[in-house]
Amino acid sequence: LFCSRSCSFQSSTMQHLVRSTMRFGASKLARGCVAAVRRQSSMSSMASMARGVRFMSSIRFTEDHEYVMVGDDGVAKIGITQHAADELGDIVFVELPEVGEQYDQGDVTGSVESTKAAGTIYAPVDLEVVDVNPELDGETGLINSSPLDEGFLFTAKVLDDAQLEELMDQDAYDQFVEEQ
């Protein structure tokens with residue numbers, strides 16, 4: 001199992017994942033593993049969790065609990081953090097920006113609604129929307145189960161790289177969440 005080698009879990013979590021595999025198949029196990037890793041991140045540093053999951057070339061965070069993760073190709077994934085997803089609860093609706101639109105840092109780019117609350121999505125940096133995540137059409141729960149991977153909101157071209165340095169790195173974000 002991926003999780004047993006890459007992540008440290010309580011045995012009850014692993015038992016649940018194994019039972020889920022038997023019921024839902026291997027693809028559900030992978031999603032369950034990623035979700036369990038992210039749930040554990042609320043209790044421990046997201047940085048240590050990230051080492052077991054395939055992402056994190058360059059990730060920065062806002063005080064609004066959004067992230068911008070720049071890939072090796074220079075295209076950034078934009079989304080909400082696991083902390084934000086956990087606070088919102090089950091997400092049932094997401095409004096995404098239009099492809100090709102440009103936004104200044106702090107502009108409203110969309111919204112998410114859950115069974116508990118609604119939240120506004122802001123541009124973490126000046127950006128141009130390249131694409132929206134097609135997986136979210138009818139699968140908004142991906143934002144809860146995998147916000148940094150399958151549940152990202154959209155991809156964008158960062159228009160001002162200097163703004164990335166003004167955002168929090170992983171350690172600063174972890175401390176910010178702990179102090180709230």
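Let me start with contacts in the protein chain: among those between residues at least 6 apart in sequence, 58% join residues at least 24 apart. Please keep in mind that this is a predicted model. The secondary structure comes to 8 helices and 9 strands. Of the 180 residues, 47% count as buried. The accessible surface is about 9500 Å², and carbon and sulfur atoms account for 47% of that surface.

On to the sheet. There is an open sheet of 6 strands, in the order β1-β2-β3-β9-β8-β5, and the pairing is antiparallel. Which strands stand at the edges? They are β1, residues 59-61, and β5, residues 102-103; each has a single partner strand, so one side of each has no neighbour in the sheet. As a reminder, strands of a sheet pair through backbone hydrogen bonds, either parallel or antiparallel.

Now the pairs inside that order. Strand β2, residues 66-70, pairs with strand β3, residues 75-80, in the antiparallel sense over 5 bridges. Within this pair, V70 stands opposite A76. On the way to β9, β3 is joined by 4 bridges, again antiparallel. How covered is β9? Mostly: 4 of its 5 residues are buried.

Another pair to look at is β6 and β7. Strand β6, residues 108-114, and β7 run antiparallel and are joined by 5 bridges. A hairpin of 3 residues connects β6 to β7. G110 stands opposite I121 in β7. As for the two faces of β7, residues 118-122, the covered one has G119 and I121, while the uncovered one has A118, T120 and Y122.

The largest nonpolar core has 26 residues, and the members that touch the most other members are V68, I80, L127, I143 and L153. Which elements supply at least two residues each to this core? The list is β2, β3, α5 (82-88), β4 (91-95), β8, α6 and β9 (154-158). A second, separate core has 9 residues, including M69, L148, M168 and Y173. In general terms, nonpolar side chains tend to be buried together in soluble globular proteins.

I80 is worth a look on screen. Leaving aside neighbours within four places in sequence, I80 is in contact with H65, E66, Y67, A85, L88, I91, I121, I143, P147 and L153.

T140 sits in the loop between β8 (127-132) and α6 (141-145). Is T140 buried or exposed? T140 counts as buried, because its relative accessibility is 14% and the cut-off for buried is under 20%. Its side chain reaches the backbone oxygen of I91 at 2.9 Å. Not counting residues up to four places away in sequence, T140 touches I91, V92, F93 and V94.

E166 is in helix α7, residues 162-166. With a relative accessible area of 60%, E166 is exposed, since the cut-off for exposed is over 50%. E166 and V125 are 41 residues apart in sequence, and their C-alpha atoms are 9.4 Å apart in space.

In helix α8, residues 170-179, the buried residues are Q170, Y173, D174 and F176. Why do these line one face of the helix? Seen down the axis of α8, the buried residues fall within an arc of 160°, so they line one face.

Last, the start of α8. D169 caps the N-terminal end of this helix, with a side-chain oxygen 3.3 Å from the backbone nitrogen of D171.

That is what I have for today.

Key
Residues are numbered from 1 along each chain as its sequence is written. This is a predicted model: local features need pLDDT of at least 70, side-chain atom pairs count only at pLDDT 80 or more; totals for chains, interfaces and linings use all residues. Side-chain values use heavy atoms; hydrogens and water are left out. Buried means under 20% relative accessible area, exposed over 50%, partly exposed in between (1.4 Å probe, protein chains only). Two strands pair if DSSP finds at least two bridges between them. Contact means heavy atoms within 4.5 Å. Accessible areas come from the Shrake-Rupley method with a 1.4 Å probe; for residues, only the protein chains shown count as cover. A polar contact is a pair of N or O atoms within 3.5 Å; within protein, one must be able to donate a hydrogen and the other to accept it, and residues adjacent in sequence count only if both atoms are side-chain atoms. A nonpolar core is a set of buried Ala, Val, Leu, Ile, Met, Phe, Trp, Tyr and Cys residues joined through side-chain atoms within 4.5 Å. The arc is that of the directions from the helix axis to the C-beta atoms.
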